[in-house]
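Take a look at the model below. We will go from a strand to its partners, and then to the aromatic rings.

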Amino acid sequence: MAGNITFTIIKPTAVSKGYTGPILNKIHEGGFAISAMKMLFLTTGEAQRFYEVHKERPFYNDLVSYMTSGPIVVAILKKENAVEDYRKLIGATDPAKAEEGTIRKAFAESVQANAVHGSDSDENAAIEATFFFADMERF
Ligand code: ADP
Ligand code: MG
């Protein structure tokens, strides 16, 4: 059975451009409830650990630098079939390939600065949510 939570990050460029509100609005319109949320600044070590699965990829070091270049907003989102439905709402990794109406189509700048992160599986959603939030911060 599909899980009912996913995890998202509003990435540094989207936060600094003032897109936090508009992105949260799209999340709300998409039928997701916010189960936890906060704004924070990742250290290099934290960003390296979060993106550990990509450490052999050529873009890893750049991605870690980018994700530590400014504050981000992290949130746990709740909805039936959350992981799959949120991936649909955010659109393709490369915003040039993202469909009309998706968050990345509307707010992304580039493949790297692609506005948001979204978990790719129920298992990773649970791991990512626990990486950022204590039990008492989740509702
Ligand atoms: P997604 O975020 O869609 O799940 P990936 O998990 O493959 O995509 O990659 C993680 C993040 O790494 C992307 O969101 C993007 O910020 C960055 N990234 C992925 N591919 C590239 C690339 N070819 N060049 C630069 N950055 C990339
Ligand atoms: Mg991914």
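Predicted model: local features only at pLDDT ≥ 70, side-chain atom pairs only at ≥ 80, totals over all residues.

Ile9 belongs to one face of strand β1, together with Ile5 and Phe7. Of the 6 residues in β1 (residues 5-10), 6 are buried, so the strand is largely enclosed by the rest of the structure.

β1 has strand partners. It is joined to β3 (residues 72-78) by 6 bridges, and the two run antiparallel. Another 3 bridges join β1 to β4 (residues 116-118), again antiparallel. In β4, Ile9 stands opposite His117.

Now turn to the rings. The structure holds 8 aromatic pairs. Phe50 and Tyr51 form one that is edge-to-face, with 4.9 Å centre to centre and 85° between the planes. Both residues are buried. Phe50 also pairs with Phe131: the centres are 5.8 Å apart and the planes lie at 55°, so this pair is tilted. Phe50 sits in helix α3 (residues 44-50) and Phe131 in helix α7 (residues 122-132), so the contact ties together parts that are 81 residues apart in sequence. Phe50 counts as buried at 10% relative accessibility. Phe131, at 30%, counts as partly exposed.

Ring pairs link Phe7, Phe50, Tyr51, Phe131 and Phe132 into a cluster.

The charged end of Lys79 sits over the ring of Phe32, 5.6 Å from its centre.

Conventions
Residues numbered from 1 in each chain as written. Chains lettered and ligands numbered in written order. Heavy atoms only, no water. Phe/Tyr/Trp six-rings, centres within 6.5 Å; stacked < 30°, edge-to-face > 60°. Buried < 20%, exposed > 50% of the residue type's maximum accessible area, 1.4 Å probe, protein only. Helix = DSSP H or I, 4+ residues; strand = E, 2+ residues; numbered from the N terminus. Lys NZ or Arg CZ within 6 Å of the ring centre and 35° of its normal. Pairing = 2+ DSSP bridges.
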